[in-house]
Amino acid sequence: MTNGHVTVERYALSFTSGALLSREAVIAAPLYLRERDWARVRELIRENNLLQSRTMSSGFRLAREVAQRLAVLTDHELEMLIEATATERGHLMWVAACRRYTFVGDFAEEVVRERFILLTPTLSYDDFDSFVRGKALWHSELAELKESTMQKIRSTLFQMLTEAGLLSERGDILQAVPSERVVDALNVSRPSDVRFLPMIVSERGTR
């Protein structure tokens, strides 16, 4: 979309196949480290129904989605993901979603983390809707979505936050307490990708 002289990249919004995909990631990551080819990983997952999908079409979508998210992680992060704790895996998969989908990353940084830092640590659907209205001024693709599609996107995003351990069932934003090795991995990016987590960041990128 072009607004005046500024060109804004369209948001990719195809993240509603599954939610955080932590279980699926543990299956797919070792395949990639062995095959070094995401297309081959998707093929192996579909051929053997490794994700235990009910239908061929859902298996295709799920295999494609988990491959796309894991593809934004480094080899080191993939290796860590395989033998990570549940908390570490949740943080890594949330960051993967934020890297893969700018929309998710913007929401994580501009709404979730910002509310946490400002000591208003609750998150509601109204906060999401307000975020979307603001972004729609620059992203016409948001304004063009059907209400049912937007509801699905909103529901999936909140489910991802919950599965990542960053949001309680009551809507309280939960402080991320990432392990030192996860922080070190995220600090490789510039700016550091700890910005996607609700936490207070010091000069080292830790709380």
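Reader: Quick one first. What does "buried" mean here?
Author: Buried means under 20% relative accessible area. Exposed means over 50%, and partly exposed is in between (1.4 Å probe, protein chains only).

Reader: And what kind of model is this?
Author: This is a predicted model, where local features need pLDDT of at least 70 and side-chain atom pairs count only at pLDDT 80 or more, while totals for chains, interfaces and linings use all residues. Residues are numbered from 1 along each chain as its sequence is written, and side-chain values use heavy atoms, with hydrogens and water left out.

Reader: How many helices and strands does the chain have?
Author: The chain has 10 helices and two strands. Both kinds are DSSP runs, numbered from the N terminus: helices are H or I with at least four residues, strands are E with at least two. From the N terminus, the order is β-β-α-α-α-α-α-α-α-α-α-α. The radius of gyration is 17 Å, close to the 17 Å that the globule rule gives for 207 residues, so the chain is as compact as a globular protein of that length. That radius is taken over C-alpha atoms, and the rule is 2.2 Å times the number of residues to the power 0.38.

Reader: What share of the chain is buried?
Author: Buried residues make up 47% of the 207.

Reader: And what share of contacts joins residues 24 or more positions apart?
Author: Such pairs account for 67% of the contacts with a separation of 6 or more. Contact means heavy atoms within 4.5 Å.

Reader: Let's pick a helix. Why is helix 5 called largely enclosed?
Author: Because 11 of its 15 residues are buried, helix 5 is largely enclosed by the rest of the structure. Among the buried ones are Glu88, Arg89, Trp94 and Cys98.

Reader: What covers them?
Author: The cover includes helix 1 (22–35), helix 3 (56–70), helix 4 (75–82), helix 6 (102–117), helix 9 (147–163) and helix 10 (180–186).

Reader: Now helix 9. Which of its residues are buried?
Author: Met150, Ile153, Arg154, Thr156, Leu157, Phe158, Met160 and Leu161. Their cover includes helix 3, helix 5, helix 6, helix 7 (125–136) and helix 8 (140–143).

Reader: What follows helix 9?
Author: Gly165, with a positive phi near 75°.

Reader: What about the bond from Arg190 to Pro191, cis or trans?
Author: Cis, with omega near 0°. Pro191 lies in the segment after helix 10.

Reader: Last one. How far apart are Arg133 and Glu47?
Author: They are 86 residues apart in sequence and 42 Å apart in space, C-alpha to C-alpha. Arg133 lies in helix 7 and counts as exposed, at 55% relative accessibility.
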